[in-house]
Amino acid sequence: MAARNALLRHLRVNVNPSPALPFTTVLLRRFSEEVRGSFLDKSDVTDRVISIVKNFQTVDPSKVAPKAHFHNDLGLDSLDSVEVVMALEEEFGFEIPDNDADKIQSVDLAVDFIASHPQAT
Amino acid sequence: MVDKGQVISLCRSLLRAGRQYPDYNIREYTKRMTLDGFRMNKNLTDHSKVEEAYAEGKKQMEVVERVVKVYLAYPPKTKNIMELKLQ
């Protein structure tokens, strides 16, 4: 009995079993996925952009096509383009810098820009 | 001399500043007021009037930046019903 107690006093047994995978590698794997970023599917982006432009107040929904130009086809002026780009920023959850925003003057330019931006969600 | 690019970037910065409000009502109000204000003065040709309108816009920009800080100190506790997505 005393021998048993003396033995136990010197032994240390693991109560919690160690996980199958070491904790740090699991963390690193997840972190690298998020850092790489993901690009959105182009047809999905096109649908979302078209629905936002269609819902715009001064736009005729039947004229909105994937190649529609804001000024030439949809009759929007520069202030309307600013409003559309702001709505796109809100939909896709990322900021579009001013000089890029000035260049987005048609639906397909918007789709190309958003689909090639890793921060778009 | 204020040119078109400056006007557009003032409009954009006003809209961006207005987006920071946590309260739905004042957020929509700011957006509506900036767009209506810029559209109203869209066709001005007289340089002095354009300068006046631009200065007014700059003043409003300062106001928005100041007031946003106050609103952010007391954010609303519940979401406004207009912000909920339709099921």
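The side chains of Glu89(A) and Arg16(B) form a salt bridge, with N and O 2.8 Å apart. This pair runs from helix 4 of chain A to helix 1 of chain B, residues 4–18, and so crosses between the chains. The model that shows it is predicted, with an ipTM of 0.89 and a pTM of 0.77. For chain B the mean pLDDT is 93, and 100% of the residues reach 70 or more.

Arg19(B) in turn forms a salt bridge with the side chain of Glu90(A), at 3.7 Å from N to O. Because Glu90(A) lies in helix 4 of chain A and Arg19(B) in the loop between helix 1 and helix 2 (24–40) of chain B, this pair joins two chains. Here the accessibility class is partly exposed on either side: Glu90(A) is at 45% relative accessibility and Arg19(B) at 25%.

These bridges belong to a network of salt bridges that links Glu89(A), Glu90(A), Glu95(A), Asp98(A) and Asp102(A) with Arg12(B), Arg16(B) and Arg19(B). Side chains of opposite charge can pair when their charged atoms come close. Across the interface of chain B and chain A there are eleven salt bridges, while the whole structure, over all chains, has 17.

The next step is the interface as a whole. Chain A contributes 14 residues to the contact and chain B twelve. About 1300 Å² is buried between the two chains, and carbon and sulfur atoms give 52% of that area. On the side of chain B, the residues that lose the most area to chain A are Arg12(B), Arg16(B) and Arg19(B), which together make up 47% of what that side buries. The three arginines are also members of the salt-bridge network.

On the side of chain B that touches chain A, helix 1 and helix 2 of chain B are the elements that give two or more residues. Helix 1 of chain B supplies the largest share, seven residues. By type, the residues on this side divide into six charged, five nonpolar and one polar.

Arg27(B) is placed in helix 2 of chain B. Its side chain makes a polar contact with the side chain of Glu83(B) at 2.5 Å. With neighbours within four places in sequence left aside, Arg27(B) is in contact with Gly18(B), Arg19(B), Tyr21(B), Pro22(B) and Glu83(B).

Val7(B) is in helix 1 of chain B. It counts as partly exposed, at 25% relative accessibility. Residues up to four places away in sequence not counted, Val7(B) touches Val2(B), Phe38(B) and Tyr54(B). Val67(B) lies 60 residues from Val7(B) along the chain, and the C-alpha atoms of the two are separated by 22 Å.

Lys67(A) and Asp108(A) form a salt bridge in which the closest N and O atoms are 3.5 Å apart. Lys67(A) lies in the loop between helix 3 (42–54) and helix 4 (78–92) of chain A, and Asp108(A) in helix 6 (residues 107–115), so the pair ties together parts that are 41 residues apart in sequence. Lys67(A) is exposed, with a relative accessible area of 66%, whereas Asp108(A) is partly exposed at 24%.

Helix 6 of chain A also has buried residues: Val107(A), Ala110(A), Val111(A), Phe113(A), Ile114(A) and Ala115(A). These residues pack against helix 3, helix 4 and helix 5 (98–103) of chain A.

Technical notes
Residues numbered from 1 in each chain as written. Chains lettered and ligands numbered in written order. Predicted model: local features only at pLDDT ≥ 70, side-chain atom pairs only at ≥ 80, totals over all residues. Heavy atoms only, no water. Salt bridge = Lys/Arg side-chain N within 4 Å of Asp/Glu carboxyl O. Helix = DSSP H or I, 4+ residues; strand = E, 2+ residues; numbered from the N terminus. Buried < 20%, exposed > 50% of the residue type's maximum accessible area, 1.4 Å probe, protein only. pLDDT = per-residue confidence, 0-100. Contact = heavy atoms within 4.5 Å. Buried area = accessible area lost by both parts, 1.4 Å probe. Nonpolar A, V, L, I, M, F, W, Y, C, P; charged D, E, K, R; others polar. Polar contact = N/O pair within 3.5 Å; in protein donor to acceptor, adjacent residues only side chain to side chain.
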